[in-house]
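Hello,

Here is the structure for your set-up work. Please look through it first; my notes on what was found come below.

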Amino acid sequence: LHDPFRMAGMRAAVDRLLGAVASGERIVIHGDYDVDGITATVILRRTLDMLGANVGHFVPERLRDGYGLNTPAIERLHAEGVRLIVSVDCGIRGMDAGRRARELGVDLIITDHHEPDDELPAAVAIINPRQPSCTYPDKNLAGVGVALKLVQALCARTGRDRWLPACVKIAALGTLADVVPLVGENRVIAKLGLDLLSRGPNKVGLRALIEASGLTGKTIDSYHVAFMIAPRVNAAGRMSTPDIAMRLLLASDENEAAEARALAGQLNHENERRQQEERGIVAEARHLVESDPDIGARSVLVVAGDGWHRGVIGIVASKLVDSFHRPAIVISIEGDVAHGSCRSIPGFDMLAALEAHGGYLETFGGHRAAAGLTMESGKIKAFRQAVTGWADERLGPDDLRPRLRLDAALRFPEINAGLVEALSALAPYGAGNTKPLFCSRDVVVADGPRRLKDRHL
């Protein structure tokens with residue numbers, strides 16, 4: 001891992017935090033409700049706890065508090081006596097929140113990985129490798145990766161480097177869940193973290209989560225995190241309260257084993273509810289795409305529905321991208337207000353599309369591949385026409401044609417234990433380091449295909 005003090009804002013942040021620890025000042029970590037934000041909150045909260053800080057956390061609830069660092073949260077925390085707030089995985093576009101914090105005399109440290117705006121919020125320190133003034137060599141860290149750099153710096157300054165491996169385990173979950181490129185430090189975090197998770201021993205909360213995911217005793221890989229562990233952690237913030245996942249991952253005392261198992265069971269239940277909601281909305285969204293030419297014939301799919309659960313519209317957008325190989329914006333209408341979640345394809349910058357049509361939107365943020373927005377419900381039709389027209393000029397048929405990218409042809413005798421071992425050495429796989437895809441030619445299908453479970457051949 002690189003020296004964390006190479007990151008702009010790091011020294012100021014560490015100085016302010018250690019000063020607050022020494023004086024007993026009340027610190028709150030302001031997180032986010034997805035896996036990246038929850039894991040970032042957990043590792044920073046746990047580190048400050050062990051340093052003896054007077055520290056708490058605030059993770060917004062999706063439906064009640066909305067996304068990101070905002071003015072009501074600043075005012076609420078100030079009223080509770082908080083004088084230092086550290087954001088993780090959010091805040092880089094929180095201009096209003098920064099101004100309000102300064103007015104109230106609350107010090108703000110922002111750690112984030114999302115794209116900054118031209119102007120940065122008022123803060124004691126901003127740690128984000130994407131900010132123009134930062135010369136840090138690795139720009140692709142997840143939110144939890146940036147939080148891990150702050151933890152690394154705190155550990156280095158206080159002589160507690162031995163604490164870092166336990167934090168890397170948690171950081172691996174957020175890094176893999178946030179689908180950042182698995183190169184550079186992200187690869188280090190993911191590889192070492194997965195090895196440590198598989199080898200154990202793990203704290204009681206993490207152990208209960210692994211057990212609830214059916215992974216006890218298994219070698220945990222990136223697939224297990226993406227499709228078994230992360231959806232359970234995400235389900236808390238999507239369907240209920242992220243506090244369930246926070247309490248579970250913070251549980252470290254063996255006396256909390258029964259409570260940890262109960263919390264993991266709650267995550268299983270919320271994940272099942274999420275799957276049901278998701279299936280219904282995907283079916284409705286697909287019907288709109290396939291039946292309405294104003295939606296389905298455009299380069300960007302913009303679909304909207306009354307009362308669609310805000311917690312799953314991001315997953316629905318991803319499913320539409322997978323099915324139609326087009327950028328997708330899925331909007332949930334709740335009276336006069338609409339909330340949208342956006343996912344893109346490699347050739348289309350979703351954040352740039354939203355920036356070009358900011359006049360239709362109340363708020364928006366994110367990055368090239370994924371973003372979120374809020375707007376007035378009455379503007380959806382005009383927004384759809386404007387953004388799809390803009391995209392039609394920039395995306396051609398070639399951009400919208402899915403491609404099967406093969407790495408090499410293999411003859412059957414070449415598929416052997418040596419190949420399996422070599423492929424294992426290249427793991428973990430994910431964005432930026434995709435699993436190799438091979439083809440074998442002139443193959444005759446001798447038997448099958450057969451149905452497996454409900455939806456697989």
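Ile-110 has Ile-126 in β5 as its bridge partner. Strand β4 (residues 107-111) and β5 run parallel, and 3 bridges join them. Two strands count as paired if DSSP finds at least two bridges between them. Helices and strands here are DSSP runs numbered from the N terminus: H or I with at least four residues for helices, E with at least two for strands.

This is a predicted model, so local features need pLDDT of at least 70 and side-chain atom pairs count only at pLDDT 80 or more, while totals for chains, interfaces and linings use all residues. Residues are numbered from 1 along each chain as its sequence is written, and side-chain values use heavy atoms, with hydrogens and water left out.

**The sheet**

β4 and β5 belong to an open sheet of 5 strands, in the order β2-β1-β3-β4-β5, with parallel pairing. The edges are β2 (54-58) and β5 (125-127); each has a single partner strand, so one side of each has no neighbour in the sheet. From one strand to the next, the twist averages 20 degrees. Helix α2 (residues 35-50) lies across β1 (26-30), β2 and β3 (84-88). Its direction is at about 170 degrees to β2. Axes are lines fitted to C-alpha atoms, for helices over the stretch in contact, and angles run from 0 to 180 degrees between N-to-C directions. Contact means heavy atoms within 4.5 Å.

**Helix α7**

How many of the 14 residues of α7 are buried? The count is 11, so the helix is largely enclosed by the rest of the structure. Buried means under 20% relative accessible area, exposed over 50%, and partly exposed in between (1.4 Å probe, protein chains only). Among the buried residues are Cys-167, Lys-169, Gly-174 and Thr-175. Their cover includes α2, α6 (143-158), α8, α9 and α10 (222-239).

α7 (residues 164-177) has a kink of about 25 degrees centred on Ile-170. The bend at a residue is the angle between axes fitted to the seven residues ending there and the seven starting there. Just after the helix, Val-179 takes a positive phi of about 55 degrees.

**Backbone points to check**

Most residues other than glycine have a negative phi, and most peptide bonds are trans. Two cis bonds are listed here. One joins Gly-200 and Pro-201, with omega about -5 degrees. Pro-201 sits in the loop between α8 (185-199) and α9 (204-212). Another joins Ala-427 and Pro-428, with omega about 5 degrees. Pro-428 is in the loop between α17 (417-426) and β12 (438-439).

His-325 is not a glycine, yet has a positive phi of about 50 degrees. Its place is the loop between α14 (313-324) and β7 (328-334). Asp-442, also not a glycine, has a positive phi of about 60 degrees. Asp-442 lies in the segment after β12 and counts as exposed, at 81% relative accessibility.

**Whole chain**

The chain has 17 helices and 12 strands. Of its 457 residues, 49% count as buried. The radius of gyration is 23 Å, which agrees with the value near 23 Å for a compact globule. It is taken over C-alpha atoms, and the globule rule is 2.2 Å times the number of residues to the power 0.38.

Best wishes

Methods
The expected span of a helix is 1.5 Å times one less than its number of residues.
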